[in-house]
Amino acid sequence: MRERLVPHGVAAAVTVVVLAPLALPGYVLRYDMVFVPRQALSWEAIAPATALPRAVPQDAVVALASQVVPGWLLQRLVLCAIVYLAALGAARLVPTGRVAVRVVAAVGYAWTPYLAERLLIGQWGLLVAYAALPWLVRAALDVRAGRGGLRRLLLAASASAITPTGGVLALAAVAVLLPGRYPAAARSTVLGVGLTMLLNAPWLVAGFVTAHAGRSDPAGVVAFAARAENWAGPLVALAGTGGIWNGQSTPASRAVVLVPLATVLLLAVVGYGVALLRRRWPPSVVGRFGLLAAGSWLAAAVGVLPGGADLLGWLVANVPGAGLFRDGQKLLVPYALALAVSGALGAERIADRLAARFDATTAAVTLVGAALLPVALLPDLALGGVGRLHPVAWPADWATVARLTAQRPGEVISLPFQEYQSHPWNHHGQVVIDPAPRYLAVPVLIDDTLRVGDLAVAGEDRRAAQVREVLAAGAPLSSTGSRWVLVQRAAGPAPAPAALVGLRTVHTGKDLTLYENPDWTPPPAPARPGPVGWAHLLTATIVVGIVFSGAARAGYRVVASRHASPAEGEGG
């Protein structure tokens, strides 16, 4: 009982400490994380017509869920599940019978620079894949050992595929871990890889049928390359699972001069634990797991290796979909899991040696220290990144504008025409991606040009490019054919008067002004994205089938155990 309850308790404690500010009412709006009271389900969410499907099927999943669960609660459920399941998954994955070692693995995976940086940049969808990977690996081990697990593997893969990057990581893990020599290997591999590929169908099909060519600006390779967080450079930052390109999402503790030395110590402990891992997992599995981890680290480092930026730049500019890999640091997930598992086993070996030389108390203290070390090295992950994840209330203007535009549907141009906004009501002007596309139930155009310092990375939305040209020429936005123009006055400078010529004011509030184009005429009805819709339906059918078959199997076991005789129960 203790072995089962302690990991749950530790996972819950880590979740509470990291996400404590979410006990306050409101919504956390930070960089890419935008939750609204009720996100509308639209064809644009399912299949962006002119841009790459970066939020497919994430936006559609959130829209469906928010029809049942209010946005503020949905955000808390998702974030708490990420931290909790990451910790619990690592605790269950590490091959040990000692509860303290499981605790080391749990904290070592749920309290990392990677999780901190991706949480502070708001990429919760990617962190769903981070939380799912330990469960996927454990399920793959069970499949190889003949203990079932294929349903659990596919369930973890389906959660990961909520974003394209997560889907790719899950597919890579399944393709690396399942093949081998074991009973039913061919069947398990074909089913695992094939169904995981189908789980990625929504964003893959959306990418093929979009009006965009699928290529990205190679300038993004430099902008999104791994970043040095201290004196040791970007490769050492990656070795410690840090190195995100956005300095504003990096905890201040990562700049401490001793952090690189702690990273070297961590790697030494990890290396010390590999021998124990090889004794407890089949050597072939250890090799595959190591290959997956090393490959993820190498993919993350390509942009800062000699010649790597040129190669990646060529791929991004010429190969459709390669832009998915320009932010390489986000691919570190398998590497981070390998550090947590092998590091926990390394701590166990060190504790055993100390117990043999001194006493059991020394060993226990060692394991406690190993569990607390990630917290000591990254104290500013606590309390929502020391207050950076702070809930706020949506101004009433937003609900009014959403109602008005829903009554008379039509395309909205959101101003200031920039991808990320800073509103004074959002916790000291915290930066967030323009919330209009998610709050409003109609198509919204925002500028998808991403500015990183002085560098501008060109966007991919052709319709947004047309609006940029109109604004640059000083022409009125009424000429674009959009029905609405939304001005977020508190987010930046007022638009040029010429841009608003010919528009009629419909609403003026404290934060927002909404204009309507009287000359607007409805555009031709767009063809429904049939292939993308079918891809979503196929994926949903697979997920529902996985969930219900697993529930049915569990129910059958419960019923069978209740009807079994005492002798049968003892024999089973």
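Trainee: Which residues of α15 are buried?

Mentor: The model is a predicted one, in which local features need pLDDT of at least 70, side-chain atom pairs count only at pLDDT 80 or more, and totals for chains, interfaces and linings use all residues. Residues are numbered from 1 along each chain as its sequence is written, and side-chain values use heavy atoms, with hydrogens and water left out. Buried means under 20% relative accessible area, exposed over 50%, and partly exposed in between, with a 1.4 Å probe and protein chains only. In α15, the buried residues are V285, V286, F289, L292, A293, S296, A300 and A301.

Trainee: Which elements are included in what covers the buried residues of α15?

Mentor: Helices (H or I, at least four residues) and strands (E, at least two) are DSSP runs, numbered from the N terminus. Contact means heavy atoms within 4.5 Å. The cover over the buried residues of α15 (283–301) includes α7, α9 (164–177), α13, α14 and α17.

Trainee: What span does α15 reach from its first C-alpha to its last?

Mentor: The expected span of a helix is 1.5 Å times one less than its number of residues. With 19 residues, α15 is expected to span 27 Å at 1.5 Å a residue. The span in the model is close to that, at 27 Å.

Trainee: Which elements are included in what covers the buried residues of α14?

Mentor: The buried residues of α14 include V259, P260, V269, G273 and L277. Included in what covers the buried residues of this helix are α13, α15, α17 (333–357) and α18 (360–377).

Trainee: What relative accessibility does L258 have, and is it buried or exposed?

Mentor: L258 lies in the loop between α13 (234–239) and α14 (259–280). Together with W231, V256, V257 and L261, it forms a nonpolar patch on the surface with about 530 Å² of accessible area. L258 counts as exposed because its relative accessibility is 54%.

Trainee: How many residues apart in sequence are the parts that R438 and D59 tie together?

Mentor: A salt bridge is a side-chain nitrogen of Lys or Arg within 4 Å of a carboxyl oxygen of Asp or Glu. R438 and D59 form one, with the closest N and O atoms 3.2 Å apart. R438 lies in helix α21 (residues 436–439) and D59 in helix α3 (residues 58–65), so the parts tied together are separated in sequence by 379 residues.

Trainee: Which residues are linked with R98 in a network of salt bridges?

Mentor: R98 forms a salt bridge with E348, whose closest N and O atoms are 3.9 Å apart. E348 is in helix α17 and R98 in the loop between α4 (71–93) and α5 (99–110), so the pair ties together parts 250 residues apart in sequence. E348 is buried, at 3% relative accessible area, whereas R98 counts as partly exposed at 29%. The network links R98 with R280, E348 and D352.

Trainee: In the salt bridge of D142 and R147, what relative accessible area does R147 have?

Mentor: The side chains of D142 and R147 meet at 2.7 Å, N to O. D142 is buried, with a relative accessible area of 9%. R147, by contrast, is exposed, with a relative accessible area of 55%.

Trainee: Which residues does L127 touch, not counting those up to four places away in sequence?

Mentor: L127 is found in helix α7 (residues 124–144). At 0% relative accessibility, L127 counts as buried. With residues up to four places away in sequence left out, L127 touches I82, Y114, L115, R118 and L119.

Trainee: What is the phi of H428?

Mentor: H428 is found in the loop between β2 and β3 (431–433), and it counts as exposed at 76% relative accessibility. Although H428 is not a glycine, its phi is positive, at about 65°.

Conventions
Patches are made of residues with over 30% relative accessible area and no salt bridge: like charges are joined within 9 Å, nonpolar side chains (Val, Leu, Ile, Met, Phe, Trp, Tyr) within 5 Å. Accessible areas come from the Shrake-Rupley method with a 1.4 Å probe; for residues, only the protein chains shown count as cover.
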